[in-house]
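Here is a friendly walk through a model, with its charged pairs and its helices taken in turn. Have a look at the structure first, and then read on.

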Amino acid sequence: RGVRCVGLRAADAESEAELAEDDEDFENDPNWLRIRREMGAIWNLKSTDDWLVGDDVKLILDEQIRPVLGMQTYQEMELDLVDLADAEPRPGDINREDFMDVAAAYMYNHFYESEV
């Protein structure tokens, strides 16, 4: 879900068919898989629970991810996570899988998409 959200923002001109094809390639990319696992490890530094309060997720982001992404990209990612938190069955909380998808997408884009 989160990956799709980031992909849609970054690819306004692409059609749905192209996005679906890109998602399939993305899910098999070893760099994506590694970064997503690393985001899970970062989550586990704070908690082994499947859900965290939004403020706890913000602490993880501030400590681990903001220094890498820079403020502008970090703020975009933060907005995506706030949207997800509002839509979750536990409003204000963020699910580990959503965190891993969104954070990994932004990190992947930072390291690999900027080369294009």
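## A charged pair and a network

Arg90 and Asp93 join their side chains in a salt bridge, with 3.1 Å from N to O. A salt bridge here is a side-chain nitrogen of Lys or Arg within 4 Å of a carboxyl oxygen of Asp or Glu. Arg90 is partly exposed at 40% relative accessibility, whereas Asp93 is buried, with a relative accessible area of 13%. Elsewhere, salt bridges with shared partners join Arg36, Glu97 and Asp101 into one network. The structure holds seven salt bridges.

A word on the basis of all this: the model is predicted, local features need pLDDT of at least 70, side-chain atom pairs count only at pLDDT 80 or more, and totals for chains, interfaces and linings use all residues. Residues are numbered from 1 along each chain as its sequence is written, and side-chain values use heavy atoms, with hydrogens and water left out.

## Lys58 and its two partners

Which side chains does Lys58 meet in salt bridges? One is that of Asp62, at 3.4 Å from N to O. Asp62 and Lys58 are four residues apart in helix 4 (residues 54-69), so about one helical turn separates them. Helices are DSSP runs (H or I, at least four residues), numbered from the N terminus. As a general point, an α-helix has 3.6 residues a turn, so residues three or four places apart point the same way.

The other partner is Glu78, at 3.2 Å from N to O. This pair links distant parts of the chain, as Glu78 lies in helix 5 (residues 71-87) and Lys58 in helix 4, 20 residues apart. Lys58 is partly exposed at 33% relative accessibility. Asp62 is partly exposed, with a relative accessible area of 21%, and Glu78 is partly exposed at 21%.

## The two sides of helix 5

Helix 5 has 17 residues, and its first and last C-alpha atoms are 24 Å apart, close to the 24 Å expected at 1.5 Å a residue. That expected span is 1.5 Å times one less than the number of residues.

The arc is taken from the directions from the helix axis to the C-beta atoms.

## Helix 3 and its packing on helix 6

Helix 3 (residues 30-46) packs with helix 6 (residues 96-111) at an angle of about 130 degrees, and their axes are 8 Å apart. Helix 3 is therefore oblique to helix 6. Axes are lines fitted to C-alpha atoms, for helices over the stretch in contact, and angles run from 0 to 180 degrees between N-to-C directions. Angles under 35 degrees count as roughly parallel, over 145 as roughly antiparallel, 65 to 115 as roughly perpendicular and the rest as oblique.

The buried residues of helix 3 are Trp32, Ile35, Arg36, Met39, Gly40, Ile42 and Trp43. Seen down the axis of helix 3, they fall within an arc of 155 degrees, so they line one face. Pro30, Arg37 and Leu45 are exposed on the face turned away from that buried side.

How values were computed: Buried < 20%, exposed > 50% of the residue type's maximum accessible area, 1.4 Å probe, protein only.
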